[in-house]
Amino acid sequence: MSPVNDNYGKKGLVSARHRIAMAKLALKTSDWIRVDPWESEQETWTETVKVLRHHYNESLRLLQSKKEFMENKHLHERSTRDSLSCQHPVLPELKLLCGADFLQTFKTPNLWKEEDIKEIVEKFGLVCISRAGSDPSQYIKESDLLTQFQHNIFLVKEWVQNEISATRVRSALRRGLSVKYLLPDSVISYIAQHNIYTEESERRNEGDLLQPLKLQNPTGTPPRD
């Protein structure tokens, strides 16, 4: 999990330090999901494709370290099995996990660069989890680029539908309603302790453009339809 940089400009986006802390609390009992603060720690917003490149390069670095460790171990143990595993390392695969409605954002003018979309779906790939009201298959059909690389887009059917929405959770918190069982207790306690989601926080970046749109529109005026 890679929380976005504060400078992304999304309405109601709270400080990355809080989002990182809450994500870590939520993942405390997981032994296979972790939160990585790299993206949020950059000086400015970083395009998704650059974040993917970073994590892929980190995976390669860890793979090389493991290979060197196994080679050194082989020198001491003379293990044929270790030797073979070092000679035939498996390159890591990195895919972007998203909700199915994410595919629809590729159609938003100026939000994505065409070359970035191509690199994401061609070099990395997507794993899209179904969401109510979204038809990822249709989104793919409507895009020549997504259709070209649909073999690298994996659609996951969520058999137990989960309609929990971050927007609705934040709305409940602002209104003083209970979010018990919607969030881990540790996260609920953190939110209460730091008084994070308020009417003031929800107005943050209000009327502002998202950073990728702002880069395409330096005047800061909303793009025309």
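Analyst: Two residues are in contact when heavy atoms of one lie within 4.5 Å of heavy atoms of the other. Keep that in mind for what follows. The model is predicted.

User: Which residues does L126 touch?

Analyst: Leave out residues up to four places away in sequence. L126 then touches L96, F102, L103, F106, I120, V121, N152, I153 and F154. Each of these counts as a contact because heavy atoms come within 4.5 Å.

User: What makes a set of residues a nonpolar core, and which members of the largest one touch the most others?

Analyst: The members must be buried, must come from a list of residue types that includes Leu and Phe, and must be joined through side-chain atoms within 4.5 Å. The largest such core has 28 residues. L103, F106, L126 and L146 touch the most other members. Two or more residues come from each of helix 3 (48-77), strand 1 (96-99), helix 5, strand 2 (126-129), helix 6 (136-141) and helix 7 (144-148). Helix 5 gives the largest share, four residues. A second, separate core has seven residues, including V14, M22, I196 and Y197.

User: Which residues of helix 5 are buried?

Analyst: Helix 5 spans residues 114-124. Its buried residues are D116, I117, E119, I120, V121 and F124. Buried means under 20% relative accessible area, so each of these falls below that mark. An α-helix has 3.6 residues a turn, so residues three or four places apart point the same way. After helix 5 comes G125, with a positive phi near 105°.

User: Why is D36 called buried?

Analyst: Its relative accessibility is 15%. The cut-off is under 20%, so D36 counts as buried. D36 sits in the loop between helix 1 (16-26) and helix 2 (38-41). Its side chain makes a polar contact of 3.1 Å with the side chain of R34.

User: What makes that pair a polar contact?

Analyst: The limit is 3.5 Å between N or O atoms, one able to donate a hydrogen and the other to accept it. At 3.1 Å, the D36 and R34 pair is within the limit, so the name applies. Leaving out residues up to four places away in sequence, D36 also touches M1, S2, P3, I20 and H55.

User: Why is N110 called partly exposed?

Analyst: N110 has 39% relative accessibility. That lies between the 20% and 50% marks, so N110 is partly exposed. N110 is in the loop between strand 1 and helix 5. Its phi is positive, near 70°, though N110 is not a glycine.

User: How many helices and strands does the protein have?

Analyst: It has 11 helices and three strands. Of its 225 residues, 35% are buried.

Technical notes. Residues numbered from 1 in each chain as written. Predicted model: local features only at pLDDT ≥ 70, side-chain atom pairs only at ≥ 80, totals over all residues. Heavy atoms only, no water. Buried < 20%, exposed > 50% of the residue type's maximum accessible area, 1.4 Å probe, protein only.
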